[in-house]
Amino acid sequence: MSVLDVNMRHTVLCVLGVFSLLYCGHAQDAVLTIEPNWSTLFTRESVTFICDMREGEDTDWYYSFLVDGRVFLSFNSNKRYTLQPLVTGYSGVYQCIGEHISPRSRKESNKVSLTVSDKDVILETPASTLFEGESVTLRCRHRTQTEEKNAVFYKDGSPIQIDTNHQSLIISKNTVQVKSDGSSYTCKFEDKESEPIKLKMEPQPKAQLSKVSAGGSVTLTCSVNPSSSSSSSSSSGWKYLWYRGEKTSEPLTTPDAVLLSNETISVSVVGVYWCRGGRGEPVYYTEYSDPVVTYRAVVTLQPNWPEIYSGETISLTCDIEEGGDTQWEYEWLQSSFTQKQKEYMIKYALSSHSGDYRCLGRLKGEQSSTEWSDAFTLRVSYNKPQPVLTVSPSWLSPGASVTLNCSVKDPSAGWRFYWYKAVPRLSDISYSYDLLPGSTNGTEQDSYIVDGQTHTAGYVCRAARGDPVFHTHYSEPKFVWSGDVHPAVSLTVSPDRSQHFNKESLSLSCEGNSTEWRVKMFTEPSTVHHCSSFGKTNGFTCNIDRSWISGVYWCESETGQISNAVNITQQYGGIILVSPVLPVAEGHSVTLGCKLKTENVVYNVDFYKNDKLIQNNTRGELTISAVSKSDEGFYKCEVNKSPGWRSQTSKESWMSVKSASRPEEISPFPVLLIVGLVGGVLLILLLLFFLYRYRKSNDSCFSRFPSTNQSPATDHMINQEETQHKEYASVVHGDACLYETIKGPEEPEHDESKDVTYSVVELKNIAKKGRNNEPKESTVYSTVKMASAAGPAAADETVYSEVKPGTALGQ
């Protein structure tokens, strides 16, 4: 039985096994060669077919062999198969197929033509494909002749004798090299002549270059495949040359690429690569392959901000890393658009622009391109950002600096900051915004300092970036509060205290020179309310009845002025601190109280300043006779009814102290001079009078000078560092010491029925010119004030409340 006559069962399995996979096969992936590599062989000789999958181990594959499209051997575990002895029936076109089981894959080889002849003389040509212009070796053989004799070669019937035009060259007795031109050739040994053969010519082949990228490295594979009309392979016999940059440049050397096999290299340098194949002697070259680029495409966002907002102008750019800009065309992959430009500009970003963007670069005039870039995910936020403004300090000392800080998401993302003063608009109960100086073009810094702020004011900020400029929302207004009364308007509260019990009614009144005012209230975090939202308006008064919330209250006028501000808190407990709403002027007296919701008279009260005990066991009041700046602070009170009874503590309230006079209220120089001179004369007369009476008195008054020691009650109520004062010996009046002590303004009175205190003694330095016009300083007493420490004077006592120029002592 012939080797081609396989049993039916085997044939069916082969057909099913092989051709059921034909649809998913990859043509030309495998290489079929024969040994010997001649297209014509004698009968009774042998030929070996070799099927190379060019992938994995040989044992990973099962091999099937076909002739003229029919399977004659399937699922062979050996890639080599030998046919012997040959018969003329074995002539045909051969091909092999390789199948990989796991993972499942299939490859088909090229086709090889074989002719088996029973003639005595044959003319042999290589079994591989022949190309136009390639030199081909022809061999003439005799079946039985053992002694080699010279063969005679014919081209189109004419003997080939000499190489006159370099079209042929006899290289031995029975071989000849000819240029492949499509002629008909025969050969003779004496009287025996071969069958004529006509060489089948293919056009000059073009190398094919493929790329595989993995793990940061790039592998290039070069191959020579036949044209689509060819049924045979050109894969064997080629050696490959590699080029980077221009294809006319010198071939690559090993430092530039790693040679993995004859047809495969690994490259690490990005660029444009080419290849071509060469074989034979003289070498016949294929055409250069199309270029393959190993550059990487990257999508970049400009401006490259972490978050894009609706309405901004942005652009997406396809950058070829290290590849330059002039030699590329571009392609984008995104559902919303297709275009060929390098840059894709979005003039007004919308949420619909959100998505994944990919691009590639293609060499101009070529089909070769980069791989698709990694996806760049664009997210466009629908909500425009709103910055948050903070002010420091929130409560102002008049004339101090105020620091504004504008906080926005991603502060380093190209923002510039704009600063505004909030100006009330009574027409629509809102604010207009006036740019602050130096803010026209914005500032790079996210902070801004307002110098010399004297009254309550509101501020806002916003940020902007890009070209054209994209602005955020305005921040919510933030206020810097001042308790000082504004010259144009003041706010008063009734009852006049900072803390109020829950559900307690109160009223707030605006007094000023405007025809229209409104009461506003601010609560954290940034909410401004009009009186109508928490009370009832009656003229310039806002009446709050039981239901209200804690906050800062102030007045606004139709002309954009803002009054002093007051901080009013609603207490849900049973105790409050009674403290003034408005700042207390220096030198004035103030009384703080402690009030229980259920009792009118409160005993056993302790008072604290900045969490430090300053007075205890009192009847619910703390009096400071002459307030100074050091008395500013947070005050609270605590009630202890009896041992074992849980104490109640109020919330803290800030007591503000303002200066008694400001520089602009001081009289001009001539007035000061007159006041100083007259006051000085009166003071000297007064002192002489005291000295005279003192000399008439007995010397026992000296023994009545008070010591500098504090009383025990004072020691535990007032901090030693704040309350230690100097006491001075007094002058005498008759048999008693009329003025016992000159004390500092904060010292508690020891004898509330008799003491008289000098509360103010002002010294003025008046510059005079002495000889040679040299300045000379003289000190005069401009004002002497004396006030009773115990309130109304006794009937038989004389109290001097103030000594002024032009007023006689005692009048």
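Reply: In this predicted model, 27 aromatic pairs are present. One of them joins W481 and W554, whose rings are tilted, with 5.0 Å from centre to centre and 45° between the planes. The angle falls in the tilted class because planes under 30 degrees apart would count as stacked and those over 60 as edge-to-face. W481 belongs to the loop between β44 (478-480) and β45 (489-494), whereas W554 is part of strand β52 (residues 551-557); the contact therefore ties together parts that are 73 residues apart in sequence. Both W481 and W554 are buried.

Strand β52 also contributes Y553 to a pair with F534. Here the geometry is edge-to-face, the planes standing at 85° and the centres 5.5 Å apart. F534 sits in the loop between β49 (527-530) and β50 (536-538), 19 residues away from Y553 in the chain, and the pair links distant parts of it. F534 is buried, as is Y553.

R276 is placed over the face of Y285, 4.1 Å from the ring centre. For Y608, the charged end of K636 lies over the ring, at 5.7 Å from its centre.

Methods:
Residues are numbered from 1 along each chain as its sequence is written. This is a predicted model: local features need pLDDT of at least 70, side-chain atom pairs count only at pLDDT 80 or more; totals for chains, interfaces and linings use all residues. Side-chain values use heavy atoms; hydrogens and water are left out. Rings of Phe, Tyr and Trp (its six-membered ring) pair if their centres lie within 6.5 Å; planes under 30 degrees apart count as stacked, over 60 as edge-to-face and the rest as tilted. Helices (H or I, at least four residues) and strands (E, at least two) are DSSP runs, numbered from the N terminus. Buried means under 20% relative accessible area, exposed over 50%, partly exposed in between (1.4 Å probe, protein chains only). A charge sits over a ring if NZ of Lys or CZ of Arg is within 6 Å of the ring centre and within 35 degrees of the ring normal.
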